[in-house]
Structures are given as C-alpha cells and as structure tokens.
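Here is a short report on a protein chain. Look at the sequence and the model first, then read on.

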Amino acid sequence: MPLMEWDDKLSVGVMQIDNEHKQLIKMVNELHDAIRANHGKEVLGKVLDGLIAYTGAHFGHEESEMKRTAYPQASSHVAEHQALVKKVLEIHASYKAGKHAVLGMETLAFLRDWLVKHIKGTDMALGAYLKAHAQKKVA
Ligand SMILES: [Fe+2]
Ligand SMILES: [Fe+2]
C-alpha cells in the first residue's frame, strides 16, 4: 500500500497546483518504496534529490502565483515553505554525512503529515484566492 494517496479532499481547485501535489505525493511514495526495498544509499540519495528539486520548483510556482496576484497571506505561506525546505535540507545533509537511518519511517511520516496539513490548510486558502482572482479578471 502506498504511504499516501491522492483524494479529492486534497484538491485546492487549481489544476496545475493539484497536478504538482499529485506528483509530490507520487515522489514521497517512491521514497517510501525505495526505503522499504532497502535500496542502497545511491538510489535513495537520488530519489531524495529528485524530491527536493521538485519541491523547490513547486514552491517557486506557488510563490510566483502569490506575487502575480498580490496574495495578502504570502509571507506566512512562504515562511511555511521555507521551514520545510530547511528541515529537508537538514535531513539531506545528515544523510549525505552518513547518517543513513535519517531516511526512515519517522521522516516519511513527517513529510506525509506536513504535506497533508499544508495542502488542506495553507494551499487550500491560496487556491480559493487564485480562483476568485481569476474570476474577477473575467468579470
Ligand atoms: Fe504551499
Ligand atoms: Fe503546494
């Protein structure tokens, strides 16, 4: 069973953001699979690198949307992104320093819980704002 599954409760109502969240969930599941399959540190390192790169691109996309639409809650949203990036880079650094146990269930559960909470709260509010913003432009 995958660690996480997409369901409609995670939809923020903006297709591109939803698609990126689906991809993030897929990548967290791939990391989970790689850990469970006891893949070597080279494979695990690559999966983690991919997840970090994709997370950065996704956060960048949300943040450029916030800028473009003058989103009033941008600073607290960006602060959540930055806290996650900092935490993941710490995990990455520990892993690279040879502490391979850092990639275990505790880290996976943290990533899963962070994603669900952030998507359902912080990203949901952004999605609603972006939708309203788009409708205003059309009207
Ligand atoms: Fe976000
Ligand atoms: Fe997001």
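## Nonpolar cores

The largest nonpolar core has eight residues: I25, V28, L31, I35, V47, L48, L103 and L111. A nonpolar core here is a set of buried Ala, Val, Leu, Ile, Met, Phe, Trp, Tyr and Cys residues joined through C-beta atoms within 7 Å. Buried means that 20 or more other C-beta atoms lie within 10 Å of the residue's own; exposed means 12 or fewer, and partly exposed is in between, with C-beta atoms placed from the backbone. The largest share, four residues, comes from α1. A second, separate core has seven residues, including V12, L126, Y129 and L130. In soluble globular proteins, nonpolar side chains tend to be buried together.

L103 belongs to the largest core. Setting aside neighbours within four places in sequence, L103 contacts I35, L44, L48 and Y95. Two residues are in contact if their C-beta atoms, placed from the backbone, lie within 7 Å.

## Basis of the model

This is a predicted model: local features need pLDDT of at least 70, side-chain atom pairs count only at pLDDT 80 or more, and totals for chains, interfaces and linings use all residues. Residues are numbered from 1 along each chain as its sequence is written, while chains are lettered from A and ligands numbered from 1 in the order in which they are written.

## Overall build

The protein has four helices and zero strands. From the N terminus on, the order is α-α-α-α. Helices (H or I, at least four residues) and strands (E, at least two) are DSSP runs, numbered from the N terminus.

The C-alpha trace spans about 55 × 30 × 20 Å along its principal axes. Of the 139 residues, 15% count as buried. Take the contacts between residues at least 6 apart in sequence: 72% of them join residues at least 24 apart.

## α2 against α3

Two packed helices are described by the angle between their axes and the distance between the axes. For α2 and α3 (residues 74–96), the angle is about 170 degrees and the axes are 11 Å apart. Axes are lines fitted to C-alpha atoms, for helices over the stretch in contact, and angles run from 0 to 180 degrees between N-to-C directions. The two helices are therefore roughly antiparallel. Angles under 35 degrees count as roughly parallel, over 145 as roughly antiparallel, 65 to 115 as roughly perpendicular and the rest as oblique. The crossing of α2 and α3 is left-handed: the near helix is turned anticlockwise from the far one by less than a right angle, whereas clockwise would be right-handed.

On the α2 side, the contact uses G45, L48, I52, T55, F59, E63 and M66. On the α3 side, A74, H77, V78, H81, V88, H92 and Y95 take part. By class, this contact has eight nonpolar, five polar and one charged residues. Ala, Val, Leu, Ile, Met, Phe, Trp, Tyr, Cys and Pro count as nonpolar, Asp, Glu, Lys and Arg as charged, and the others, Gly among them, as polar.

## α3 against α4

Helix α4 covers residues 105–138 and packs on α3 at about 165 degrees, with the axes 11 Å apart. That pair is therefore roughly antiparallel. The crossing of α3 and α4 is left-handed.

From α3, H77, E80, L84 and I91 meet T107, W114, H118, T122 and L126 of α4. The class count is four nonpolar, four polar and one charged residues.

## Loops with positive phi

Most residues other than glycine have a negative phi, and most peptide bonds are trans. N38 is not a glycine, yet its phi is positive, near 55 degrees. N38 sits in the loop between α1 and α2. With 8 C-beta neighbours inside 10 Å, N38 counts as exposed.

A70, also not a glycine, has a positive phi of about 50 degrees. A70 lies in the loop between α2 and α3. A70 is exposed, with 9 other C-beta atoms within 10 Å.

Is I119 buried or exposed? I119 is in α4 and is buried, because 21 other C-beta atoms lie within 10 Å. Leaving out residues up to four places away in sequence, I119 touches L10, V12, H21 and M124.

K46 lies in α2. K46 is exposed, with 12 other C-beta atoms within 10 Å. The C-alpha atoms of K46 and L31 are 9.5 Å apart, at a separation of 15 residues along the chain.
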